[in-house]
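Here are a few friendly exercises to work through with the model open in your viewer. Try each task before you read its solution.

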Amino acid sequence: MKRILIVDDEPHIRHLVAKYAKFEGFDVSEAENGMEALSLCRDNDYDIIIMDIMMPELDGFSASREIRRSKDVPIILLSARGEEYDRINGFELGADDYVVKPFSPKELMLRVNAILKRSSTGALPPSASEVFQSGGLVIDIKARTVTVDGERITMTPKEYDLIFYMARNAGIALSREKLICDVWGFDFYGDDRTLDTHVKLLRKSLGAYGNHIVTLRGVGYRFETKI
C-alpha cells in the first residue's frame with residue numbers, strides 16, 4: 001500500500017484530501033504544520049507528500065527543503081497564491097508539482113497517481129539517440145547529464161525530464177498539452193503556468209544556450225539543436 005503524508009494547517013483541507021486518498025487505497029498520515037511533517041518524515045517513509053506552503057511553525061518551502069536533505073520523495077506543493085515567484089521557488093526546491101487553492105481533490109489525486117507512476121516506471125522511454133550536442137551544449141540522456149561549455153550543471157529532476165524530452169523531439173513543435181501530458185504524466189487541465197515556469201528555469205540553467213528552446217506563440221515550444 002502506498003503511503004501519503006498530507007500537510008496543511010487547515011483541518012478541512014487535510015480531511016478532504018485524506019478522504020479521496022483513502023478511497024484511492026493510500027495509507028494516509030496527516031500533519032498540521034511543517035515541524036510535525038519533519039518529525040513524521042524522520043520516523044517514517046512516504047511515497048509522496050502533499051505540502052501546504054503557508055503554515056505556522058515551519059512553512060512548506062522550508063519543510064520541503066529539510067525533507068529533501070535526507071529523503072528523495074515526490075512533493076506536491078499547495079498554495080492559496082499562484083504568483084510566479086512562489087512557483088519558481090517551489091520548483092527550484094525540486095517540487096514535483098504546484099497546485100493552487102481552491103483545487104479539485106479528484107484532479108489532485110490524478111496528479112498524485114501520475115507522479116507515482118512515472119517515479120516507478122521512469123520518466124522517459126528509451127531512445128536510440130542518447131547524446132545531443134550543439135556547440136558547448138551537450139545533453140547525454142543515458143548518463144542523465146547536461147554540460148554547458150565543459151561544466152556539468154545541476155538541475156531539478158523535472159528540468160532534466162523536460163530537456164531530455166524536448167531534445168529527443170528536436171525540431172518538432174510540441175504543444176503545451178502534449179508536453180504536460182508526456183513529461184508530467186497527467187491530462188492537461190488548462191493551467192499551463194507550471195510548464196512555462198519550468199521552461200523559464202530551464203532556460204536559466206542552460207545560460208547562453210537557453211535560446212535552443214524556442215517559444216511558439218499559441219502553440220507551445222520547439223527544441224532547436226542548432227541556433
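**Exercise 1. Find the turn of the hairpin formed by β11 and β12, and say which residue in the turn has a positive phi.**

Solution. Start with the ground rules: this is a predicted model, where local features need pLDDT of at least 70, side-chain atom pairs count only at pLDDT 80 or more, and totals for chains, interfaces and linings use all residues. Residues are numbered from 1 along each chain as its sequence is written, and side-chain values use heavy atoms, leaving out hydrogens and water.

Step 1: three residues lie between β11 and β12, and Gly 218 in this turn has a positive phi of about 80 degrees. Strands here are DSSP runs of E with at least two residues, helices are runs of H or I with at least four, and both are numbered from the N terminus.

Step 2: look at the pairing. Strands β11 (residues 213-216) and β12 (residues 220-223) run antiparallel and are joined by four bridges; a pair requires at least two bridges found by DSSP. Thr 215 has Tyr 221 in β12 as its bridge partner.

**Exercise 2. Is Val 199 buried or exposed, and which residues does Val 199 contact beyond its neighbours within four places in sequence?**

Solution. Step 1: locate Val 199 in helix α8.

Step 2: its relative accessible area is 1%, so Val 199 is buried (under 20%; exposed is over 50%, partly exposed in between, with a 1.4 Å probe and protein chains only).

Step 3: with neighbours within four places set aside, Val 199 touches Leu 162, Ile 213 and Tyr 221, where contact means heavy atoms within 4.5 Å.

**Exercise 3. Work out how α6 is oriented relative to α8.**

Solution. Step 1: the axes of α6 (residues 157-168) and α8 come within 10 Å and cross at roughly 85 degrees. Axes are lines fitted to C-alpha atoms, for helices over the stretch in contact, with angles from 0 to 180 degrees between N-to-C directions.

Step 2: α6 is therefore roughly perpendicular to α8 (65 to 115 degrees; under 35 is roughly parallel, over 145 roughly antiparallel, the rest oblique).

Step 3: see who meets whom. On the α6 side are Lys 158, Glu 159, Leu 162 and Ile 163, and their counterparts in α8 include Val 199 and Leu 202.

**Exercise 4. Which residues of helix α4 are buried?**

Solution. Step 1: within α4 (residues 84-92), the buried ones are Asp 86, Arg 87, Ile 88, Asn 89, Gly 90 and Phe 91.

Step 2: these buried residues pack against α3 (60-68), β4 (75-79), β5 (97-100) and α8 (193-206).

Step 3: just after α4, Gly 94 adopts a positive phi of about 95 degrees.
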